[in-house]
Amino acid sequence: MEKAVLIEGAMASSHVMTPREIVSELDRYIVGQHDAKRAVAIALRNRWRRQNVAPELRDEIAPKNILMIGPTGVGKTEIARRLARLAQAPFVKVEASRYTEVGYVGRDVESMIRDLAEIAVKMVREEERARVAIQARDAAEERLLDILYPPPAKVRRAVGIAPDAAAVGDSHADTREKLRKLLRQGNLDDREVEVETSAQSAPMVEVLAPQGMEEMGANMRELLGQFMPKKSKRQKVKVPQALELLTQEEAARLVDMEKVAHEAIERAEQSGIVFIDEIDKIAGREAAHGADVSREGVQRDLLPIVEGSTVNTKYGAVRTDHILFVASGAFHTSKPSDLIPEFQGRFPIRVELRALVREDFIRILTEPENALTRQYVALMETENVHLTFTTDAVAALAEIAAEVNSRSENIGARRLHTVLERLLEELSFSAPELNDRTVTVDSDYVHQRLDPIVKNEDLSRYIL
């Protein structure tokens, strides 16, 4: 019951986007790939739906993991990046290829769940700090006022002499309130004060852990650090910085880390999302030898985590039964059926992303809020150079990118980065000397600088 309350409270605290809203948000940054956006949006919404199902049925509803298949540069990783911002839940992106390095052989695949737990703890801790922010600010203000105007020291008096304690107290309180007013108005911002904050000393010991077990070394260093005596650090800073330092220390003191860890584990278990990129790199055909053997070993080690198992972290045990896994791969030299059958069965939803064409490149250069053309315009504005792209220039750039992709390796939208960087190389170099100049990039400008390279196929293979 306590788990349900924790999770439902977290989900109810903020608006959960509908599938249509999620797709609309992804459309702001990613062109096309509607099927992939819909699949991801439905999976995200299903996380919220499951939390609202009756408790007796909730544990029986397993997440429908997604496998995204498509060539490089079509938006798979970008969907993951944007998904992390929309998820409102613990999210971690990992590369499947890192688990094929020599010495790993899939033995450290549990580290992705530990990373997820770390992110969940960070999320909950930030939420708790925001919750106690006002209380922490008030406590920090009191500490700062004590530094600016220390309370009067108690003076020992002879028996029978009655001091006017009330008058002294009133005078000190009045002065303190005046200082508080000046502090809040910013009139003391230029003053320097000496503050003392706690600083935990790090152990000067290097723990050498075996390859693939680096996490054990990090945990040992943290354990040794807990045995080291806590030290205080004195530093002279301006009043605003002092207030910020004291606020952070007070917030850390007010946050119950045991409660944070407990809630973070629940959130990771119930709404966590793991995005496994480059999944095709561990897909090996039958009767393969050499590196392919370790690839199948990685799949077998990943299988229990995807199916549902318990992973021990420094914050507690994390069950993976209800964590959503989204995998993606280009599958240039392999195909999804090269994955072992048990692993394939754990990704029931398959979405194919199509290759990009000239029309897609035109939209990519103009429609998204973070379009490459807008990025270069903003970069040049920092040099007081006003850069503009005409419609025919965008069309020419898209045509060149599509042509080079068709003649050499098709790297999708990443080709636009190469083409644009080559196009604006001279302008980027000489921009500091072109103060307050307007540069218009049109079709002639594009062809003049790129045609010699595009027409020379051997040269374009190395430059574009």
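## Charges over rings

A charge is said to sit over a ring if NZ of Lys or CZ of Arg is within 6 Å of the ring centre and within 35 degrees of the ring normal. Arg45 meets this description, lying over the face of Trp48 at 4.1 Å from the ring centre. In the case of Tyr445, the charged end of Arg449 sits over the ring, 3.8 Å from its centre.

## Basis of the report

The structure is a predicted model, in which local features need pLDDT of at least 70 and side-chain atom pairs count only at pLDDT 80 or more, while totals for chains, interfaces and linings use all residues. Residues are numbered from 1 along each chain as its sequence is written, and side-chain values use heavy atoms, with hydrogens and water left out.

## The chain as a whole

The secondary structure comprises 20 helices and 11 strands; helices (H or I, at least four residues) and strands (E, at least two) are DSSP runs, numbered from the N terminus. Of the 464 residues in the chain, 42% are buried. Buried denotes under 20% relative accessible area, exposed over 50%, and partly exposed the range in between (1.4 Å probe, protein chains only).

Contact means heavy atoms within 4.5 Å. Among contacts in the chain with a separation of 6 or more, 79% are between residues 24 or more positions apart.

## The parallel sheet

An open sheet is formed by 5 strands in the order E2-E5-E8-E1-E9, with parallel pairing; two strands pair if DSSP finds at least two bridges between them. Its edge strands, E2 (91-95) and E9 (349-352), each pair on one side only. On average, neighbouring strands are turned by 15° against each other, direction ignored.

Strand E1 (residues 66-69) runs parallel to strand E8 (residues 324-329) and is joined to it by 4 bridges. Ile66 stands opposite Val326 in E8.

## Helices across the sheet

Helix H5 (residues 76-86) lies across E1, E2, E5 (273-277) and E8, at about 155° to E2. Such angles run from 0 to 180 degrees between N-to-C directions, the axes being lines fitted to C-alpha atoms, for helices over the stretch in contact. The buried residues of H5 are Lys76, Ile79, Ala80, Arg82, Leu83 and Leu86. Their cover includes helix H2 (19-27) and helix H3 (34-51), together with E1, E2, E5 and E8. After H5 comes Gln88, which has a positive phi near 55°.

Helix H6 (residues 111-131) lies across E2, E5 and E8 and runs at about 150° to E2. With 21 residues, H6 reaches 30 Å from its first C-alpha to its last, close to the expected 30 Å; the expected span is 1.5 Å times one less than the number of residues. Its buried residues include Met112, Ile113, Leu116, Ala120, Val124 and Glu128.

A search of the whole structure finds 1 aromatic pair. Phe343 and Phe347 form this pair, which is tilted, with 5.3 Å centre to centre and 45° between the planes. Rings of Phe, Tyr and Trp (its six-membered ring) pair if their centres lie within 6.5 Å; planes under 30 degrees apart count as stacked, over 60 as edge-to-face and the rest as tilted. Both Phe343 and Phe347 are buried.

Ser271 belongs to helix H11 (residues 257-271) and counts as buried because its relative accessibility is 4%. Beyond its neighbours within four places in sequence, Ser271 is in contact with Arg47, Ala89 and Pro90. Ser428, in helix H18 (residues 425-430), is partly exposed, with a relative accessible area of 33%. The C-alpha atoms of Ser428 and Tyr376 are separated by 9.5 Å, although the two are 52 residues apart along the chain.
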